[in-house]
Amino acid sequence: MIWLTWRQLRGAATMTAILLVLLAAVLVPTGAQLAADYTGGLAACVRGEDCAGFYDQLFDDYEIPFLASILVVLVLPAMIGLFWGAPLITRELEADTHLLVWNQSITRTRWLVVKLGFTGLLAVAAAGVTGLAVTWWSGPLDQSAPGGFALMDPLVFGARGIAPLGYAAFAFALGVTVGMLVRRTLPAMALTLVVFAAVQLAMPMLVRPHLIPPVTSAFELGRENVGGFGINRDGTFDVRIEAAIPGHTGAWVLSSELVDPSGRTIATSGADGIVQGVSTTSGPCSPAAGPPTGCPAEVNRLGYRQKATYQPLERFWPLQWIETGVYVLLTAGLTWFCFRWIRRRIS
Amino acid sequence: MTSVLQAQGLGKRYGRRWALRECTADIPAGHVVGLVGPNGAGKTTLLKLAGGQLEPTTGGITVLGGRPGGTPAQLARVGFVAQDTPVYTGLTVAEHLRLGARLNPRWDAAMARERIARLGLDPTQRAGRLSGGQRAQLALTLGLAKRPELLILDEPVASLDPLARREFLQGLMEATVEHEFSVVLSSHLVSDLERICDYVIVLADSRVQVAGETERLLATHHRLTGPRRDPDRLPADQHVVSARHTDRQSTYVIRTDAPIHDPVWTVTRLSLEDLVLAYMDKPTTADRRAPLEVRR
């Protein structure tokens with residue numbers, strides 16, 4: 001049965017293997033170069049001024065391969081679901097060959113065990129190898145990437161560590177299940193893509209923030225979390241709050257708000273909030289005082305704070321494990337359904 | 001074990017439609033059984049139930065004394081060639097034989113190879129490029145080399161041209177003589193079965209209409225032609241299968257074990273085709289009810 005499964009998968013597996021080899025051929029030399037650039041540049045900037053400039057330069061240099069590698073890891077599970085999962089059963093049903101194979105001396109349960117197990121393992125291995133290779137490649141950039149592209153940010157998180165294994169297993173099982181229900185390859189592929197995309201969007205937006213209860217706490221305003229100060233024509237003073245947290249570089253900020261001394265929210269991140277009681281004609285926040293280096297202290301003194309809800313960077317691996325676990329459970333549920341369905345409904 | 005297939009009140013429903021109803025049959029071993037009936041009569045459903053492809057909605061079925069399809073051992077004893085003889089188009093002929101060898105404990109590799117060679121099939125050819133007749137022969141080879149005790153074939157020759165049809169059935173006949181196994185074969189064409197079947201089951205209107213050895217069925221069925229007469233005036237041991245009346249004349253197909261003495265009738269022998277058609281023609285439940293409602 002393993003021979004037959006392999007024989008049927010051979011074409012698709014060879015194709016995937018070629019693509020993975022090509023990917024490795026790109027990743028290995030550029031990854032070595034990237035690592036060298038990083039250590040070299042870091043040594044230079046530690047001796048000289050601060051490293052922010054170097055980080056920006058490094059990210060600019062590698063931005064396109066960085067984003068492309070993320071795309072590869074995020075798209076691969078969907079491809080596996082579409083091209084390995086959905087046709088696995090429908091192809092047999094459409095050609096009636098299930099009637100041929102189910103009438104050999106092998107129960108259909110065992111047939112499905114081998115088909116799902118063998119193909120699924122290869123699928124997960126392909127996605128896992130790709131995910132880990134890209135995680136290795138982008139190591140230096142993950143240490144230094146700007147906000148929005150950091151390790152914990154939704155786009156990057158799903159393309160690192162062990163999460164792609166879970167995605168691939170789930171996409172494969174989803175494809176098989178949809179195929180069994182729809183019984184025709186093309187509609188099954190389309191439906192698999194839609195459902196998988198929906199799940200992949202729902203996960204970071206609705207589920208992942210709550211896998212571990214996020215931390216909420218108040219922070220003084222400072223250089224990292226303030227985007228800018230402004231003086232309006234009517235003499236009011238406002239502060240723009242950013243989605244960064246002082247002392248928690250790399251944290252995944254779920255919400256960042258400017259709150260007044262009574263705890264009322266006056267602005268969310270990216271928007272200007274009017275701060276009462278700041279003198280715009282004299283003191284550290286007035287234009288006359290030059291660069292507003294003393295201004296944050298003045299706003300803090302008045303009792304204004306940043307209230308942020310976030311997942312700190314230290315939770316990267318716990319979140320990876322929990323999320324992978326969630327996908328493994330979903331996969332197990334779909335697999336259970338497949339076995340039930342093949343015993344009861346399909347002929 | 002003298003029965004290859006026993007069914008008791010067997011029924012299968014798809015949604016609200018019954019594909020097979022109250023099917024009771026007992027097919028003795030050692031026959032080539034023809035299952036005849038019009039399209040949609042439930043032939044495929046009955047065969048799939050026997051192969052374990054389907055679970056019955058009501059009643060029970062045993063094949064060779066076991067529950068169909070439940071265990072590898074049971075699967076090994078029953079061969080099944082599905083409708084339109086599906087094969088893997090991407091696999092070569094030789095790979096099909098390898099598939100059979102790997103998935104069947106009793107696989108007869110020598111027989112499979114020899115058969116393929118005799119048919120003149122190229123082992124390196126992909127099954128997708130075979131003609132319909134060659135594909136059917138490949139599927140039959142897979143079914144035969146499994147060395148089953150019962151081989152089920154669902155409309156195996158339906159899509160074949162007359163020559164391929166004859167070759168296929170001839171190959172099947174030769175194999176049954178050589179290896180002594182039972183065969184259940186379905187078709188909607190009696191002419192396919194006439195040559196090879198020694199047992200016939202007529203399935204119509206999702207019910208078994210008649211079943212028995214061909215010889216015996218032909219010996220006990222007669223066509224009576226004579227002046228017009230109502231069916232209740234026939235002797236009690238003559239069961240009417242079908243009746244046709246014109247103004248002056250009646251034609252009955254009847255079943256009886258006793259000889260027919262009434263000199264009014266012209267008695268003719270039926271061909272198997274006539275016999276099957278008479279049962280397919282039998283008024284259905286719905287038809288019988290209709291005139292009653294009109295009278296009310």
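**Transmembrane annotation, chain A.** I began with the UniProt record, where an unreviewed entry places the feature "transmembrane region" at residues 64-90, 111-137, 157-181, 188-207 and 324-342 of chain A. The model I am checking this against is predicted, so I kept that in mind throughout. I looked up two of the spans. Residues 64-90 of chain A come out as 100% helix and 0% strand, with the end C-alpha atoms 38 Å apart. For residues 188-207 of chain A I again found 100% helix and 0% strand, and there the end C-alpha atoms are 26 Å apart.

**A helix pair in chain A.** Next I asked how H4(A) and H7(A) cross. Helix H4 covers residues 108-137 and helix H7 covers residues 163-182; their axes come within 8 Å and cross at roughly 145°. I noted the crossing as right-handed. On the H4(A) side the contact is made by A:Leu116, A:Gly120, A:Ala123, A:Val124, A:Ala127, A:Gly128, A:Thr130 and A:Gly131. They meet A:Pro164, A:Leu165, A:Tyr167, A:Ala168, A:Ala169, A:Phe172 and A:Val176 in H7(A). I sorted the residues of this contact by kind and got 11 nonpolar, 4 polar and no charged.

**The cores.** A:Ala168 turned up again when I went through the nonpolar cores: with B:Val33, it has the most contacts inside the largest one, which has 148 residues. Which helix gives the most to this core? I found helix H2 of chain A, residues 52-95, with 16 residues. Another core lies apart from it and has 13 residues, including A:Val226, A:Val275, A:Cys295 and A:Val299.

I then followed up B:Val33. Setting aside neighbours within four places in sequence, I listed its contacts as B:Ile27, B:Val183, B:Val184, B:Leu185, B:Cys197, B:Tyr199 and B:Ile201.

**Chain B as a whole.** My tally of its secondary structure is 10 helices and 13 strands. The C-alpha trace of chain B spans about 65 × 40 × 35 Å along its principal axes. Of its 296 residues, 42% count as buried. I also checked contacts in chain B with a separation of 6 or more, and 69% of them join residues 24 or more positions apart.

**Domain annotation, chain B.** Back to UniProt for my last entry: the annotation "domain: ABC transporter", from an unreviewed entry, covers residues 5-230 of chain B. In the model I found this span to be 36% helix and 30% strand, with its end C-alpha atoms 38 Å apart.

Technical notes
Residues are numbered from 1 along each chain as its sequence is written. Chains are lettered from A and ligands numbered from 1 in the order in which they are written. This is a predicted model: local features need pLDDT of at least 70, side-chain atom pairs count only at pLDDT 80 or more; totals for chains, interfaces and linings use all residues. A nonpolar core is a set of buried Ala, Val, Leu, Ile, Met, Phe, Trp, Tyr and Cys residues joined through C-beta atoms within 7 Å. A residue is buried if 20 or more other C-beta atoms lie within 10 Å of its own, exposed if 12 or fewer, and partly exposed in between; C-beta atoms are placed from the backbone. Helices (H or I, at least four residues) and strands (E, at least two) are DSSP runs, numbered from the N terminus. Two residues are in contact if their C-beta atoms, placed from the backbone, lie within 7 Å. Axes are lines fitted to C-alpha atoms, for helices over the stretch in contact, and angles run from 0 to 180 degrees between N-to-C directions. A crossing is left-handed if the near helix is turned anticlockwise from the far one by less than a right angle, and right-handed if clockwise. Ala, Val, Leu, Ile, Met, Phe, Trp, Tyr, Cys and Pro count as nonpolar, Asp, Glu, Lys and Arg as charged, and the others, Gly among them, as polar. UniProt positions are given in the numbering used here, feature names are shortened, and annotations may be inferred rather than shown by experiment.
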